[in-house]
Amino acid sequence: MGKRHFTTSEVARLLSVAPDTVLKWVKAGKIASYRTPGGHSRIPAEAIEKMLPDDRLLKKSKELHPDRNDSFQYCWEFFAKSSGLNENCQHCIAYRSRSQRCYEMKHIPKEFGHLKLYCKDSCEECEYYLLTHFENKL
């Protein structure tokens with residue numbers, strides 16, 4: 001069973017925002033939370049999941065990322081090739097957040113949802129990393 005409640009700092013890292021932003025969301029009631037006896041905010045995993053983009057973003061990817069070239073592929077598209085999307089990818093935070101660089105999320109633990117389905121011992125051994133990292137340097 002994974003972790004079910006997170007600190008504001010953990011949520012900030014997960015959603016790629018500043019911790020102060022998460023605190024503002026909590027104070028404004030935009031994200032569900034509760035207070036610990038010590039006065040700190042804790043955010044349930046379900047509230048974080050609601051903040052993550054849904055599958056409609058795949059259809060809108062051109063609109064959301066107009067600067068991205070047509071040859072770009074997300075990691076789950078790259079590894080799916082002709083066999084179709086790995087069902088486990090749908091539960092990975094890289095997929096759910098539509099991360100353009102899954103390798104930049106390697107520090108996120110599995111309890112947050114980064115399943116590291118195709119990860120090697122290091123990013124430098126990964127075909128996807130080599131392809132996208134090289135393209136980003138051009």
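Here are some numbered notes on this structure, written to be read with the model open.

1. Before anything else: this is a predicted model, so a local feature needs pLDDT of at least 70, side-chain atom pairs count only at pLDDT 80 or more, and totals for chains, interfaces and linings use all residues. Residues are numbered from 1 along each chain as its sequence is written, and side-chain values use heavy atoms, with hydrogens and water left out.

2. Let's start with the sheet. Three strands make up an open sheet in the order β1-β3-β2, with antiparallel pairing. The strands at the edges are β1 and β2, each with a single partner strand, so one side of each has no neighbour in the sheet. Two terms to know here: helices (H or I, at least four residues) and strands (E, at least two) are DSSP runs numbered from the N terminus, and two strands pair if DSSP finds at least two bridges between them.

3. Now look at the two pairings one by one. Strand β1 (residues 5–6) runs antiparallel to β3 over 2 bridges, and His5 has Pro44 of β3 as its bridge partner. Strand β2 (residues 34–35) also pairs with β3 in the antiparallel sense over 2 bridges, with Tyr34 opposite Arg42. β2 and β3 form a hairpin with 5 residues between them. In that turn, Gly39 has a positive phi of about 90 degrees.

4. Ser41 is worth a stop. You'll find Ser41 in strand β3 (residues 41–44). Is Ser41 buried or exposed? Ser41 is buried, at a relative accessible area of 8%; the cut-offs are under 20% for buried, over 50% for exposed and in between for partly exposed (1.4 Å probe, protein chains only). The side chains of Ser41 and Arg35 are joined by a polar contact of 3.3 Å. That term means a pair of N or O atoms within 3.5 Å; within protein, one must be able to donate a hydrogen and the other to accept it, and residues adjacent in sequence count only if both atoms are side-chain atoms. Leaving aside neighbours within four places in sequence, Ser41 is in contact (heavy atoms within 4.5 Å) with residues including Phe6, Thr8 and Val26.

5. Just after α2, Gly29 takes a positive phi of about 75 degrees.

6. On to the core. The largest nonpolar core has 33 residues. Such a core is a set of buried Ala, Val, Leu, Ile, Met, Phe, Trp, Tyr and Cys residues joined through side-chain atoms within 4.5 Å. Among the residues with the most contacts inside it are Val11, Val22, Ile43 and Tyr128. At least two core residues come from each of α1, α2, α3, α6 (75–80), α7 (93–96) and α8 (127–137). Not counting residues up to four places away in sequence, Val22 touches Thr8, Val11, Ala12, Val17 and Ile43.

7. How many disulfides does the structure hold? The number is 0, where a disulfide is a pair of cysteine sulfur atoms within 2.5 Å. The sulfur of Cys89 is 6.5 Å from the closest cysteine sulfur, in Cys75, too far for a bond. For Cys123, the closest cysteine sulfur is in Cys119, 6.3 Å away, which is also too far. Cys89 counts as buried at 4% relative accessibility, and Cys123 counts as buried at 15%.

8. Finally, check two backbone angles. Arg98 is not a glycine, yet has a positive phi of about 55 degrees, and Lys116, not a glycine either, has a positive phi of about 55 degrees. Arg98 is found in the loop between α7 and α8, and Lys116 lies in the loop between α7 and α8 too. Arg98 is buried, with a relative accessible area of 6%, whereas Lys116 is partly exposed, at 28%.
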